Amino acid sequence: MKLEDFLSLVQDEEARIELEIDDEEDYQYHHFWLSDFRSSLDTAKYYGDYEVSSFSFEPEKERDAQIRIYIKQKL
């Protein structure tokens, strides 16, 4: 499932999202508010076509994220 499709299922507009991005060389982290993503205000739109590998709720409290989503670029 693409990240954009997954995020369309989340109902809480004020959810804080943490992406863990596997770009084959290293891991990157990106944080954003779901409402910003939906209104195209955030650079997270760049990752919309990435595939969701897994997710977790209430991850480590770094940057107060509520949902951590692990994504990987389609090959």
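Of the 75 residues in the protein chain, 40% count as buried, where buried means under 20% relative accessible area with a 1.4 Å probe and protein chains only. This is a predicted model, in which local features need pLDDT of at least 70, side-chain atom pairs count only at pLDDT 80 or more, and totals for chains use all residues. Residues are numbered from 1 along each chain as its sequence is written, and side-chain values use heavy atoms, without hydrogens and water.

Let's walk along the chain. There are two helices and four strands, taken as DSSP runs of H or I with at least four residues for helices and of E with at least two for strands, numbered from the N terminus. In sequence, these elements follow the pattern α-β-β-α-β-β. The radius of gyration of the protein chain, taken over C-alpha atoms, is 11 Å, close to the 11 Å from the globule rule (2.2 Å times the number of residues to the power 0.38), so the chain is as compact as a globular protein of that length. Its C-alpha trace spans about 30 × 25 × 20 Å along the principal axes.

Now to the sheet. Strands of a sheet pair through backbone hydrogen bonds, either parallel or antiparallel. Here, four strands form an open sheet in the order β2-β1-β4-β3, with mixed pairing; two strands pair if DSSP finds at least two bridges between them. At the edges lie β2 (27-33) and β3 (51-57), each pairing on one side only. Strand β1 (residues 16-22) pairs with β2 in the antiparallel sense over seven bridges, and leucine 19 stands opposite histidine 30 in β2.

Methods
Buried < 20%, exposed > 50% of the residue type's maximum accessible area, 1.4 Å probe, protein only.
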